[in-house]
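Today I am looking up aromatic rings and the nonpolar core. My notes follow.

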Amino acid sequence: MRRTLLFSLMCLAVFVAKAEGGLWYGIDATHDFNKRLSAEFSLGSRVEDGWSRYTRYDLAASVSWKALSWLKIGGGYDFIRDYNAEETVTKYKDDNPANRVTGFNVDEAFWRTKHRLFADVTGKWRAGRFTFALRERYQYTRFAPVDGLREWKYRYFREYESPADIERPYIPYTMSDGTVRYFELDESRTDYEEKSSKSRHYLRSRFGIEYNIRHCPFTPFATYEVSNNLGKRLELVRQRLQVGGDYKVKKGHTITMAYLYQHGENEDNGDANLHVLSVGYKFKF
């Protein structure tokens, strides 16, 4: 019964994530130098837009020190390559949304490099078979500049009886009176712009709980995380809820699978709400 329920929940998570969000997966390797000091190396990737497009990959290294039996201090570096999708800006007559639409400006999609440093403190407390954890992380991210990005201009030229008559790329738009206008690409007005470097300072607070099932290799868990922008007076950026479990394959080797829901704007790449299937493999060496 337990395995059937677990299998059903995982199938539901896969279905929801495949239909509406993405797949995040990675490998974590940990080495213990002694009982207090350890190092971790992580390699991750993300596929989003209904599992149709790679949107990120990253490589991270960190160290942690077990200061007390219940307290761990750590920090590290994360190299990230992130995909930013096309962004469309609607143009209005006299820049007044109450007037008629006159065109669209479309920024092309691009990849961007980010350098991230982080430091965190994690406390863990056990109560029976439950384990509670609270992690506070300071995160600094430096966005590298990107040159030569194109901004395409779509403007209205003339009416068409059918979209098949249009020879250039176009964007259809239904006007307030119900008529459809086709805004064509005006290649002569293409602009080139630069994304300058910028920095982000975040405070990420995560609360977690897990339950140790007697004589069972599967450990269910749930986490809730909020991210606040320190540069904007702790403005709330996003929230993440994750529910899943760790399955111990053998000593030092674990497979993790979870459903993750993200709510709120992500300033890193413009993502809003996401449904994600998270899969990971952890081992010690």
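I start with a definition: rings of Phe, Tyr and Trp (its six-membered ring) pair if their centres lie within 6.5 Å, and planes under 30 degrees apart count as stacked, over 60 as edge-to-face and the rest as tilted. I note that this is a predicted model, where local features need pLDDT of at least 70, side-chain atom pairs count only at pLDDT 80 or more, and totals for chains, interfaces and linings use all residues. Residues are numbered from 1 along each chain as its sequence is written, and side-chain values use heavy atoms, without hydrogens and water.

**Entry 1: ring pairs.** I find twelve aromatic pairs. Phe130 and Tyr211 have ring centres 4.8 Å apart and planes at 55 degrees, so I log the pair as tilted. Phe130 is in strand β8 and Tyr211 in strand β13, so the pair ties together parts 81 residues apart in sequence. (Strands are DSSP E runs of at least two residues, numbered from the N terminus.)

I check exposure next. Buried means under 20% relative accessible area, exposed over 50%, partly exposed in between (1.4 Å probe, protein chains only). Phe130 is partly exposed at 36%. Tyr211 is partly exposed at 32%.

Tyr170 and Tyr182 form an edge-to-face pair, 5.6 Å centre to centre with 80 degrees between the planes. Tyr182 is buried at 13%, whereas Tyr170 is partly exposed at 32%.

**Entry 2: the core.** A nonpolar core is a set of buried Ala, Val, Leu, Ile, Met, Phe, Trp, Tyr and Cys residues joined through side-chain atoms within 4.5 Å. The largest one has nine residues, including Trp152, Tyr154 and Phe183. Strand β6 gives the largest share, three residues.

Methods: Helix = DSSP H or I, 4+ residues; strand = E, 2+ residues; numbered from the N terminus.
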